[in-house]
4 protein chains.
Amino acid sequence: MLVVLERTATSEQVEAVCAEVRKMGLTPHALPGAQRTVVGITGNLGMVNSGRLETMPGVIEIIHVTQPFKLVSREFRREDTVIPVGPPGSKVEIGGKKVCVLAGPCAVESREQAFAIAERVKAAGAEIFRGGAFKPRTSPYSFQGLGEEGLKILALVREKFGLLVVTEAIDSESLNLVEEYADIIQIGARNMQNFSLLKQAGKAEKPVLLKRGMSATLQELLMAAEYIVSEGNPNVILCERGVRTFADHTRNTLDLSAIPFVERTSHLPIIADPSHGTGRREKVLPMSRAAVAAGADGLLIEVHHKPDEALSDGPESIYPEQFNILMKEISGIAKVIGREV
Amino acid sequence: MLVVLERTATSEQVEAVCAEVRKMGLTPHALPGAQRTVVGITGNLGMVNSGRLETMPGVIEIIHVTQPFKLVSREFRREDTVIPVGPPGSKVEIGGKKVCVLAGPCAVESREQAFAIAERVKAAGAEIFRGGAFKPRTSPYSFQGLGEEGLKILALVREKFGLLVVTEAIDSESLNLVEEYADIIQIGARNMQNFSLLKQAGKAEKPVLLKRGMSATLQELLMAAEYIVSEGNPNVILCERGVRTFADHTRNTLDLSAIPFVERTSHLPIIADPSHGTGRREKVLPMSRAAVAAGADGLLIEVHHKPDEALSDGPESIYPEQFNILMKEISGIAKVIGREV
Amino acid sequence: MLVVLERTATSEQVEAVCAEVRKMGLTPHALPGAQRTVVGITGNLGMVNSGRLETMPGVIEIIHVTQPFKLVSREFRREDTVIPVGPPGSKVEIGGKKVCVLAGPCAVESREQAFAIAERVKAAGAEIFRGGAFKPRTSPYSFQGLGEEGLKILALVREKFGLLVVTEAIDSESLNLVEEYADIIQIGARNMQNFSLLKQAGKAEKPVLLKRGMSATLQELLMAAEYIVSEGNPNVILCERGVRTFADHTRNTLDLSAIPFVERTSHLPIIADPSHGTGRREKVLPMSRAAVAAGADGLLIEVHHKPDEALSDGPESIYPEQFNILMKEISGIAKVIGREV
Amino acid sequence: MLVVLERTATSEQVEAVCAEVRKMGLTPHALPGAQRTVVGITGNLGMVNSGRLETMPGVIEIIHVTQPFKLVSREFRREDTVIPVGPPGSKVEIGGKKVCVLAGPCAVESREQAFAIAERVKAAGAEIFRGGAFKPRTSPYSFQGLGEEGLKILALVREKFGLLVVTEAIDSESLNLVEEYADIIQIGARNMQNFSLLKQAGKAEKPVLLKRGMSATLQELLMAAEYIVSEGNPNVILCERGVRTFADHTRNTLDLSAIPFVERTSHLPIIADPSHGTGRREKVLPMSRAAVAAGADGLLIEVHHKPDEALSDGPESIYPEQFNILMKEISGIAKVIGREV
């Protein structure tokens with residue numbers, strides 16, 4: 001940690017800061033500069049509580065050098081984390097050479113709907129079926145999902161089509177149910193800092209798909225993952241799904257640079273969600289290609305056989321025929337960078 | 001609702017849209033313009049599900065005219081909602097002529113700390129004591145609050161100093177406890193769209209202080225309030241606490257224009273939190289004055305008698321002496337606009 | 001245009017709005033809805049000045065349906081604009097099948113530097129050399145560019161290496177010089193709404209590379225292009241270079257969804273600048289791949305043979321060896337979507 | 001400056017960084033921490049060019065401690081800068097005890113309009129008349145201002161009503177004219193980083209009103225002021241006019257915390273523009289009160305006697321009667337904080 005003092009700080013003020021640091025059992029190192037004096041601190045094992053120093057006379061700023069996350073950092077573990085998905089014997093994994101595609105409707109609406117879509121995405125090459133049973137909706141008057149009934153339909157999809165299943169948990173009760181029925185537990189953007197839910201997910205025995213919050217920095221995303229990992233669940237898949245900005249031509253701004261950043265900073269895999277990330281059907285295909293080209297470990301795609309009749313997020317769902325083209329195009333792109341779909 | 005078609009839309013495409021509207025049991029009104037044709041829709045009672053229309057050939061855009069919130073809107077109820085706080089006989093209320101001040105530490109740390117601060121804020125004129133027992137923290141390694149022990153201290157504060165008490169609930173269990181011990185249940189910014197928690201708060205019998213999410217629009221804030229009110233709890237106090245922007249001179253950007261907007265759009269009261277809203281002690285005083293000048297119904301202020309030793313948010317807590325000045329200054333400002341503190 | 005009235009608007013208020021519309025020589029169409037009355041307006045040739053209507057009693061909102069830009073819109077011209085660059089006989093163009101690569105240093109520093117870099121980017125396949133002679137710098141104390149001396153060096157680069165040349169103009173004088181020496185005139189992000197400069201560029205006889213402003217919507221970007229085109233210069237190349245958001249892991253947030261949006265909304269070509277768009281060398285390569293995968297018509301890349309010694313933007317410049325890899329990778333990606341590099 | 005190395009950096013890497021620093025003629029100070037090694041640098045007179053260090057093996061981050069602005073900083077000059085406005089003998093000043101009000105229409109439309117408004121704002125207590133003669137407009141098809149004809153009308157207003165005059169310059173030519181006719185030269189938000197214009201304003205002999213750019217940090221605003229002051233013009237008035245965020249209930253988000261920040265960081269005065277800052281008439285009054293309560297040295301207010309007929313920005317202009325109330329209310333608020341209007 002570093003304590004920055006103002007240009008006019010007296011030597012008494014610098015000494016008082018040093019004395020305070022010594023009182024904390026740490027070692028101060030005063031570095032007088034042309035315009036500022038900085039006091040470096042060594043001897044700490046983790047982050048130092050800076051409160052007291054921050055308000056001493058002459059002090060302008062405290063700079064933390066130590067990263068706040070540990071277990072999820074690339075410094076802690078050099079090799080990529082490859083996450084096995086599904087029951088023993090399943091060969092599906094996320095974070096390895098293969099780009100994993102998770103596709104399906106925004107919400108599970110009925111067995112017929114789920115089956116119709118599952119058949120199409122399976123045929124096109126998806127490995128995991130997505131579909132919401134518990135839907136977090138901005139309005140209390142919107143369709144909130146089928147609940148456990150939806151989970152049962154997902155279980156049937158797995159059985160009938162050999163697809164693995166991911167679905168969102170929105171609170172303690174639904175998390176227990178999702179852990180029972182699904183292969184991956186999804187934590188949505190609105191719950192990225194629902195720390196009680198993160199801790200519970202950290203005790204679950206299924207991998208967790210953690211979506212970036214609407215205005216979360218990547219440090220906050222990694223800290224949210226740290227909550228899960230520090231509770232004992234090492235299998236966290238991060239997901240870039242767009243952030244909120246002033247830009248109004250898309251529902252969110254898909255921040256694909258998160259992919260190379262996470263790859264460098266953390267050993268966890270990261271996938272992209274171009275459907276929520278843009279909110280517009282016609283942008284899903286180009287942004288899916290872009291995400292794979294940027295190095296994403298997977299894609300989360302909304303597909304609906306009748307998007308005009310979808311109970312939620314119809315305008316961002318693509319048609320099965322578009323999904324076929326998508327799979328072909330990303331397959332070509334994956335090869336260019338030494339991966340496969 | 002309005003359906004906008006592109007300049008080159010054919011009359012067949014316009015007619016197809018009109019036919020679809022009729023199929024929905026509603027009435028279309030085609031308005032051919034110089035550059036666009038618009039189809040207006042009447043006959044609907046609430047918001048129309050636009051999915052199907054949005055994807056018809058020639059359609060560029062759907063414009064919703066009906067506001068999505070109802071119970072919390074000024075159109076639904078013209079008079080201000082004035083919320084009584086505390087047990088029967090308490091004269092404290094939020095949303096009336098008096099600007100209500102809620103003050104105390106970020107986190108309850110001990111009985112001594114709470115009492116020391118409570119004594120000072122009571123003497124200066126605060127009516128409600130704030131203090132966190134359950135703390136949502138970005139890092140799993142940070143102090144997470146005293147839990148129920150903290151709530152018991154708050155109950156002692158109420159008894160000893162005659163202050164009412166507000167504290168945050170972060171999940172289902174803590175909400176039950178907070179409802180039992182406190183006079184107001186706080187829902188924090190990170191949980192503004194934790195819809196399960198909102199619904200539970202809607203069934204509680206205490207008023208709810210609902211903070212704006214870090215990147216929530218005011219429509220989303222009002223929809224979150226609608227979740228609570230539609231479950232049966234009409235007593236929601238909104239709180240502007242700053243939003244996340246590119247600006248880096250404060251921790252958040254305090255958006256005071258939310259106050260006149262809410263006043264015009266909703267009958268619910270709105271208060272401001274200049275402590276979290278700026279994250280900097282030296283800005284709390286000017287921004288408190290500004291909030292009251294803008295018409296806030298109350299202020300939520302972090303006060304600590306030893307901020308350098310605070311276990312959380314020390315740098316934004318003001319000293320009791322600064323709080324005295326704050327109370328005097330906002331009192332003067334309140335008078336200018338026909339209110340009082 | 002549409003005028004929205006509040007739920008409680010009286011029929012007199014609706015009639016007053018209609019009367020006002022008639023006074024403007026236009027035709028009002030009142031559409032009473034469940035919650036709102038909307039008055040649609042027809043008969044206008046362009047955008048209607050809404051000022052008077054906006055403030056009439058009962059009116060809540062005015063909604064403009066007509067797009068404000070014309071000449072640059074896809075509706076105005078269905079075919080892609082393909083822009084020829086360079087003197088007669090040059091075969092370089094932007095907006096056609098080929099993805100055009102513009103590469104070179106942030107700033108021209110010396111003949112030696114420019115030649116060393118030009119040789120490398122030419123060999124790797126770049127068609128256009130970039131390099132700043134007039135540098136807009138946040139600090140008055142930073143290197144401001146070599147001025148006309150830099151332009152002369154660019155002219156030598158063109159002569160010696162057969163590369164075309166793009167460089168930035170920052171005011172009226174420099175624009176005249178840039179038009180004389182360069183093949184493309186660049187207008188930087190900070191000048192995207194310097195309307196005097198845009199008008200002057202609209203009278204120039206060279207193509208203009210127009211960068212998106214740091215917080216410009218795409219509508220504003222297209223309006224800025226409209227300024228240039230409406231003055232008589234049809235050859236505008238748009239450039240996505242990242243926007244300013246709260247995200248702090250990159251210098252800007254590269255908004256690649258701008259590419260499919262522009263492709264759909266305008267006939268003008270759009271290229272991407274992953275160097276400024278991320279500000280980090282290690283992200284230039286993945287984001288270049290992503291931009292081409294999203295459909296960009298070109299890339300603007302900073303390359304420096306000794307980035308550690310660069311006078312500006314060293315940390316975002318890539319090494320010539322990295323540029324070789326970049327060219328190979330984007331070439332593979334371009335083929336997947338039916339283009340070439 | 002500080003160089004941060006990663007946890008796994010070898011002692012050779014640390015030594016290489018130190019050697020490089022010594023080669024720059026500066027002194028390195030290695031501080032090994034628990035997780036990171038930091039190398040502090042002393043001996044520099046201004047900001048160090050970090051390019052070379054940033055890319056050395058093991059280096060993660062460079063932290064600049066020295067502020068980039070000098071002449072405008074509070075450290076450079078402790079006392080407030082009070083700026084005299086108007087010809088010798090004028091008693092109007094900005095930055096002193098008195099809160100200065102600058103009011104008038106968005107654009108000068110005619111002598112009649114200007115006189116009608118000037119009469120009203122003068123009577124209510126405004127000291128300076130605002131009105132645009134050169135208007136930067138998003139669309140090339142919008143009213144662009146009366147040009148020099150508008151400046152002549154402003155000169156007549158000064159003569160007839162004894163008001164001083166401020167108006168915007170948008171390029172080199174208009175700046176010369178504005179300097180000739182007006183008492184304050186305004187540089188608008190879109191030109192805050194038009195460095196050629198800033199330099200020219202730095203040579204002018206009239207004070208400059210510099211508006212914050214739409215997405216400018218306060219450091220960038222102060223650097224823009226540094227451009228003007230370093231050219232020889234010490235009289236710069238800063239202006240907070242709202243920044244662009246995701247919030248959609250106002251045209252911009254008025255960031256009033258800029259006021260206490262600037263007061264602490266710079267000796268220059270700062271005023272607020274609640275008209276552009278909100279874009280909505282009904283928010284101008286509460287936000288004007290808030291700005292004065294936050295400590296603004298002045299207000300820039302759009303007033304129009306017939307806003308429904310205004311050629312630009314009608315919906316944000318207030319009526320003269322509202323302006324009367326505004327003057328009374330801010331006068332009361334100014335007294336509370338020891339100032340006057």
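A nonpolar core here is a set of buried Ala, Val, Leu, Ile, Met, Phe, Trp, Tyr and Cys residues joined through side-chain atoms within 4.5 Å, and buried stands for a relative accessible area under 20%, against over 50% for exposed and partly exposed in between, with a 1.4 Å probe and protein chains only. Leaving aside residues up to four places away in sequence, C:Phe323 is in contact (heavy atoms within 4.5 Å) with C:Val101, C:Ala103, C:Val121, C:Ala124, C:Ala126, C:Ile301, C:Val303 and C:Ile318.

Because the model is predicted, local features need pLDDT of at least 70 and side-chain atom pairs count only at pLDDT 80 or more, whereas totals for chains, interfaces and linings use all residues. Residues are numbered from 1 along each chain as its sequence is written, chains are lettered from A and ligands numbered from 1 in the order in which they are written, and side-chain values use heavy atoms, with hydrogens and water left out.

The relation between chains can be described by superposition, which is done by least squares on the C-alpha atoms of residues with pLDDT of at least 70 in both copies. Chain B can be laid on chain D by a turn of 180 degrees and a shift of 0.0 Å along the axis, with an RMSD of 0.1 Å; the two copies are thus related as by a two-fold rotation axis. The C-alpha of chain B nearest this axis belongs to B:Ala290 and lies 2.0 Å from it, and the same surface serves both copies, since 100% of the contact residues of chain B recur in chain D. For chain C laid on chain A, the RMSD is 0.1 Å, the turn 180 degrees and the shift along the axis 0.0 Å. Here the C-alpha of chain C nearest the axis is that of C:Ala290, at 2.0 Å, and 100% of the contact residues of chain C recur in chain A.

In chain A, 4 strands form an open antiparallel sheet in the order E2-E3-E1-E4; helices (H or I, at least four residues) and strands (E, at least two) are DSSP runs, numbered from the N terminus, and two strands pair if DSSP finds at least two bridges between them. Strand E2 (27-32) and strand E4 (59-63) of chain A are the edge strands, each pairing on one side only, and neighbouring strands are turned by 20 degrees against each other on average, direction ignored. E2(A) pairs with strand E3 (residues 37-42) of chain A over 6 bridges in the antiparallel sense, and A:Pro32 stands opposite A:Thr37 in E3(A). Helix H1 (residues 11-23) of chain A lies across strand E1 (2-5), E2, E3 and E4 of that chain and runs at about 160 degrees to E2(A), where axes are lines fitted to C-alpha atoms, for helices over the stretch in contact, and angles run from 0 to 180 degrees between N-to-C directions.

Strand E14 (residues 298-302) of chain C is largely enclosed by the rest of the structure, because 5 of its 5 residues are buried. In a regular strand the side chains alternate between the two faces of the sheet. In E14(C), C:Gly298, C:Leu300 and C:Glu302 point one way and C:Leu299 and C:Ile301 the other way, and all are buried.

Over all chains the structure holds 8 aromatic pairs, a pair being rings of Phe, Tyr and Trp (its six-membered ring) with centres within 6.5 Å, stacked under 30 degrees between planes, edge-to-face over 60 and tilted for the rest. Two of them are tabulated here.

| Pair | Centre to centre | Angle between planes |
|---|---|---|
| C:Phe195 and C:Tyr227, stacked | 4.6 Å | 25 degrees |
| D:Phe195 and D:Tyr227, stacked | 4.6 Å | 25 degrees |

The pair in chain C links helix H6 (residues 195-203) and helix H7 (residues 218-230), its members being 32 residues apart, and both C:Phe195 and C:Tyr227 are buried. D:Phe195 and D:Tyr227 are buried as well.

Finally, D:Ala258, in helix H8 (residues 258-265) of chain D, is buried with a relative accessible area of 0%. Not counting residues up to four places away in sequence, D:Ala258 touches B:His249, D:Arg212, D:Leu218, D:Glu240 and D:Ile270.
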